[in-house]
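Thanks for making time for this at the group meeting. I would like to walk through one model slowly, going from the whole chain to a few single residues.

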Amino acid sequence: MTRKNEQKVTFDTLGRTPVLRELIAKANTHSQAEEAVLATLPPALATGTRFVCCLEGVMTLSAENAGKASQIRFRQHEIMEKLRENELFRFVWKLNVKVTPPRFSEQPQVKKAVLSKENARLLKEEAGHTKDKKLREVLEKLASHVRD
């Protein structure tokens, strides 16, 4: 009986099956292609740009915003000229650029604005003049959020 720690699945043991070996080879090829493409882009455009695929002479890139996508499209002839020097992209004749915003971004923390004493006084005064009971309650509740 084998011990539990000897049965660990590692990246090397996954490569023994033909399907996974082929998948790993494709992932490595894609990674190398992405490195080559990003090396041809100007440094300002390389950040936030990803290589998607290259099928039948059409290369597809994704940019994180429309500004970068426009700059890549504007400079596509220069980029494709550099790319054709690489054996992988010798037959690239068209460049598509898609805008794909980042999936995860930090949400800015919402800062609650506190109410000044003067504004709280005005809200209470307005609540006193209001005939609608629900509106009066809301105004009084707002007035209670005063800055100390």
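**From the whole chain to single residues**

What we have on the screen is a predicted model, and its protein chain contains seven helices and three strands.

As for how the chain meets itself, if we take the contacts between residues at least 6 apart in sequence, 52% of them join residues at least 24 apart.

Now to helix α2, which covers residues 18-40.

Next, please look at the loop between β1, residues 49-55, and β2, where we find E56. Is E56 buried or exposed? Its relative accessible area is 78%, and because exposed means over 50%, E56 counts as exposed. There is also something to note about its backbone: E56 has a positive phi of about 50 degrees, although it is not a glycine. For background, most residues other than glycine have a negative phi.

Strand β2 itself runs over residues 58-63, and S62 is found in it. S62 has a relative accessibility of 10%, and since buried means under 20%, S62 counts as buried. If we leave aside its neighbours within four places in sequence, S62 is in contact with G48, T49, R50, V52, K98 and T100.

S62 also brings us to the largest pocket, because an atom within 4 Å of a pocket point is what makes a residue part of the lining, and the lining here consists of G48, R50, S62, A63, E64, T100, P101, P102 and R103. This pocket has a volume of about 150 Å³. What kinds of residues make up the lining of the largest pocket? They divide into three nonpolar, three polar and three charged.

A120 is found in helix α6, residues 117-129, and it is buried, with a relative accessible area of 6%. Not counting residues up to four places away in sequence, A120 touches L115, A143 and V146. A120 and H145 are 25 residues apart in sequence, yet their C-alpha atoms are 7.7 Å apart in space.

The other residue is L139 in helix α7, which covers residues 133-143. With a relative accessibility of 12%, L139 counts as buried. Beyond its neighbours within four places in sequence, L139 is in contact with L123, E126, A127 and T130. For one of these, A127, we also have a C-alpha separation from L139, which is 5.7 Å, although the two residues are 12 apart along the chain.

Terms used. Residues numbered from 1 in each chain as written. Predicted model: local features only at pLDDT ≥ 70, side-chain atom pairs only at ≥ 80, totals over all residues. Heavy atoms only, no water. 1 Å grid on protein atoms, 1.4 Å probe; cavity = no way out; pocket = protein on both sides within 12 Å on 5 of 7 lines; lining within 4 Å. Points joined across faces, edges and corners; volume = space filled by probe spheres on them. Nonpolar A, V, L, I, M, F, W, Y, C, P; charged D, E, K, R; others polar. Helix = DSSP H or I, 4+ residues; strand = E, 2+ residues; numbered from the N terminus. Buried < 20%, exposed > 50% of the residue type's maximum accessible area, 1.4 Å probe, protein only. Contact = heavy atoms within 4.5 Å. Expected span 1.5 Å × (residues − 1).
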